[in-house]
Amino acid sequence: MSKNASRATSASADEESIDSLASLASSEFYEALGWARRLAPSALFSACMQSKLRGFAKQVIEFDRDVARLTLPLAANRLVSRELPPMLIDGASRIPQRGPTLLVANHPGLFDALAIATVVKRDDLAIVVKEQPYWDLLPNLSRKLFTVPPSRPGRVRVARQVLEHLQQNMSVLLFPGGQIERDHESALSCSFPIEKWSSLPEWLMVQVPNLRIATIAIGGVMSRRVRSHPICNLRMTYRDRDWLAATIQFFMRRHDDVRIKLCVGKARSIADISQEHVRLQLHHDMRLQLRKLKRLAKRSSTIPSSCVAGESALA
């Protein structure tokens with residue numbers, strides 16, 4: 001096959017992937033709006049949305065290529081630095097650079113996993129995510145994911161895959177809440193449902209004796225402008241409104257008023273805590289990082305936009 005023919009075939013495959021990804025994104029967007037089972041939107045609205053979603057799909061396909069060409073953390077850093085203002089970070093050096101490591105984080109938006117990946121700086125990082133049809137269109141990224149299906153047998157299978165990954169001295173990012181949670185910068189007074197988190201970290205701590213677990217609190221992910229838009233009030237519950245806002249922000253690439261803050265807690269091992277107190281310790285650590293996050297959010301207005309806060313950010 002000639003080079004020109006090969007390029008044409010590759011371009012055609014890319015267009016098919018972009019069309020498929022845009023179509024899946026469109027379905028998810030309409031579902032977030034609550035229109036999935038209602039009358040179809042107007043042709044004009046659909047045409048405008050399709051143009052936006054194709055732009056999103058092209059960006060994601062490029063990111064998938066970067067994952068193969070670079071690494072997941074480097075690809076994430078390239079995308080995040082292009083889309084978002086510099087993040088404010090406290091405690092990044094607490095993330096172990098070798099050995100089995102589990103990172104547990106809150107989940108206030110759809111950009112948080114990529115933001116966290118930029119500070120991990122480990123090529124062996126894998127992320128636990130909800131099963132979605134579009135992962136199949138991103139072959140390079142999907143190799144770095146553990147996709148959780150809705151069925152209990154499927155979740156058990158994923159838990160064992162995560163265990164095997166950690167037993168090979170690698171790292172995993174887990175969102176134990178399993179769904180979009182309130183952004184503590186936009187809802188500082190709301191309680192945080194840590195008690196509802198998965199018990200997987202406790203089980204893994206017992207199964208991997210040399211495992212280290214670090215909590216990560218992340219905030220400022222949700223665009224206040226998007227969250228307060230009247231379209232989000234089409235949904236009745238806070239959870240649905242947050243999901244719609246996160247979906248609009250992610251697919252429409254509305255990040256101009258976003259300034260992500262991230263706080264990393266001390267990496268704990270089984271030597272630090274007894275097996276029966278793992279959950280209590282992680283809850284304590286997470287609440288501590290959330291308090292630091294709020295302090296960092298209050299100080300962010302005094303930090304220049306070109307500055308990335310480091311270890312002394314909260315000194």
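Student: Which residue stands opposite L125 in β5?

Tutor: S171 does. This is a predicted model: local features need pLDDT of at least 70, side-chain atom pairs count only at pLDDT 80 or more, and totals for chains, interfaces and linings use all residues. Residues are numbered from 1 along each chain as its sequence is written, and side-chain values use heavy atoms, leaving out hydrogens and water.

Student: Why is β3 called a strand, and what makes it a partner of β5?

Tutor: A strand is a DSSP run of E, at least two residues long; a helix is a run of H or I, at least four long; both are numbered from the N terminus. Strand β3 covers residues 125-130. Two strands pair if DSSP finds at least two bridges between them. β3 and β5 share three bridges, in the parallel sense. Three meets the cut-off, so they pair.

Student: What is the order of the strands in the open sheet?

Tutor: The order is β1-β7-β6-β2-β5-β3-β4, seven strands with mixed pairing.

Student: Why are β1 and β4 said to stand at the edges?

Tutor: β1 (88-90) and β4 (145-148) each have a single partner strand, so one side of each has no neighbour in the sheet. Neighbouring strands are turned by 20° against each other on average, direction ignored.

Student: What makes β6 mostly covered?

Tutor: Seven of its eight residues are buried. Buried means under 20% relative accessible area, exposed over 50%, partly exposed in between (1.4 Å probe, protein chains only). Helix α10 lies across β1, β2, β6 and β7, at about 35° to β6. That angle lies between N-to-C directions, on a scale from 0 to 180 degrees, with axes fitted to C-alpha atoms, for helices over the stretch in contact.

Student: Why is S269 called buried?

Tutor: Its relative accessible area is 19%, and the cut-off is under 20%, so S269 counts as buried. S269 sits in the loop between β7 and α10. Contact means heavy atoms within 4.5 Å. By that rule S269 touches M205, L211 and R212, leaving aside neighbours within four places in sequence.

Student: What is the phi of K121, and what is that of N169?

Tutor: K121 has a positive phi of about 60°, and N169 has one of about 65°. Neither K121 nor N169 is a glycine. Most residues other than glycine have a negative phi.

Student: What puts the buried residues of α7 on the same side?

Tutor: L200, P201, L204 and M205 are buried in α7 (residues 200-207). They cover an arc of only 135° around the axis, so they share one side of α7. The arc is that of the directions from the helix axis to the C-beta atoms. The buried residues of α7 pack against β2, α6, β5, β6 and α10.

Student: Why is the pair of Y134 and W135 called edge-to-face?

Tutor: Rings of Phe, Tyr and Trp (its six-membered ring) pair if their centres lie within 6.5 Å; planes under 30 degrees apart are stacked, over 60 edge-to-face, the rest tilted. The whole structure holds one aromatic pair. Y134 and W135 are 5.1 Å centre to centre, with 75° between the planes, so they are an edge-to-face pair. Both are buried.

Student: What makes a set of residues a nonpolar core?

Tutor: The members are buried Ala, Val, Leu, Ile, Met, Phe, Trp, Tyr and Cys residues, joined through side-chain atoms within 4.5 Å. The largest core has 63 residues; L173 is among those with the most contacts inside it. Apart from it lies another core of 21 residues, among them L102 and L282.
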